[in-house]
Amino acid sequence: MPELPEVETIRRDLERRIVGKKIKAVEVRDKKVISFSSVILSEAKDPFSFGSFLRGQKFAKIERRGKLLAFLVAGEKYLLVHLKMTGQLIYKEKGVRNKEKMIAGGHKISEYDLQVPNKFTRAIFIFADKSQLFFNDMRRFGYMKIVDKKEKERIWREDFGIEPLTKDFKFQDFARLFKNRKTNIKALLLNQKLISGIGNIYADEACFCAGLLPWRKVASLKSIEIKKLFQCISQVLRVAIKNRGTSFSDFVDATGGQGGHYNFLKVYERAGNKCRRCGSIINKIRHAGRGTHYCPECRK
DNA sequence: GTGTTTGTTATCAA
DNA sequence: CTTGATAACAAACA
């Protein structure tokens, strides 16, 4: 599951590799993952394909909001890319076998990740220098969508809450989310309209870091606990980015390599193992329909 | 055949 | 109107 650290890792990987390169061709293997905003469609004089829209253009920069990527193209249009659960963006230079980079690490990575294209490749971008970008998605939840600047900015403004790791991530704004709300900590952290980019892995990790049980009602938190959680979110996300994200099922970075954060996780996917802080056994329950990991002892 | 995995949205309830 | 809780979706794997 690519969350903020994984998507940011991909963004950085791709920015230095594909920005400025001319798009020579686009191969769409699965139309389900492609769409256009209605404004784009109404602007078009003639019906056009995804490929003909992007051909000859360049990605000028790559932005990220939460788990969503936006590739800027000419005419202030954006290609939005959401990887949802199993999406991948894998860049490959001509003649380079990504397979050779896929060494060690080993956490249940599918054999299909070892080579591109594969049967889950939904679209391929071919650049003028013969390098290629593969959009893979086993489950087909992910999407690529062309939108105009206005729509992109509306999404940036309305669909996402506070962006962690930016100057807009201020304690006062974060603490305000806890007022007059009947929900629990984990549901709040997973709500993209309140705070962007946190998914199941880092929600559990942030709660553990703060010594808080994920199902606690947010209204019951003392100011000092909210402060701790606020600091933990930044810390947990920063370290995960530094380690290039967590790979345990499908995530690979933009070169097809695994993230290095798996072995640093404190609770996620560690049920039955000893807590790295206190030595008791990490537990896992189902909360709000999601696997939720916690240490029964490490909490204030 | 069954249960499990989760990001997001749809739907219904309060 | 807002908010919250839950189901549904997708597809592969153990």
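In this predicted model, a polar backbone atom of Lys182 lies 2.8 Å from a phosphate oxygen of DNA strand C. A polar contact is a pair of N or O atoms within 3.5 Å.

DNA strand C is surrounded by ten residues, Phe120, Met138, Arg139, Arg140, Phe141, Arg181, Lys182, Thr183, Lys217 and Arg290. A residue is near the strand if one of its heavy atoms lies within 4 Å of it. The residues near DNA strand C comprise six charged, three nonpolar and one polar. Asp, Glu, Lys and Arg count as charged; Ala, Val, Leu, Ile, Met, Phe, Trp, Tyr, Cys and Pro count as nonpolar; the others, Gly among them, count as polar. Sugar or phosphate supplies 57% of the DNA strand C atoms within 4 Å of the protein, and bases supply the rest.

Five strands form an open, mixed sheet in the order E2-E9-E5-E4-E3. Strands are DSSP runs (E, at least two residues), numbered from the N terminus, and two strands pair if DSSP finds at least two bridges between them. Strands E2 (34–36) and E3 (61–65) are the edges, each pairing on one side only. E4 (residues 68–73) and E5 (residues 77–82) pair in the antiparallel sense over six bridges. Ala70 stands opposite Leu80 in E5.

Local features need pLDDT of at least 70, side-chain atom pairs count only at pLDDT 80 or more, and totals for chains, interfaces and linings use all residues. Residues are numbered from 1 along each chain as its sequence is written, chains are lettered from A and ligands numbered from 1 in the order in which they are written, and side-chain values use heavy atoms, leaving out hydrogens and water.

How values were computed. Polar contact = N/O pair within 3.5 Å; in protein donor to acceptor, adjacent residues only side chain to side chain. Helix = DSSP H or I, 4+ residues; strand = E, 2+ residues; numbered from the N terminus.
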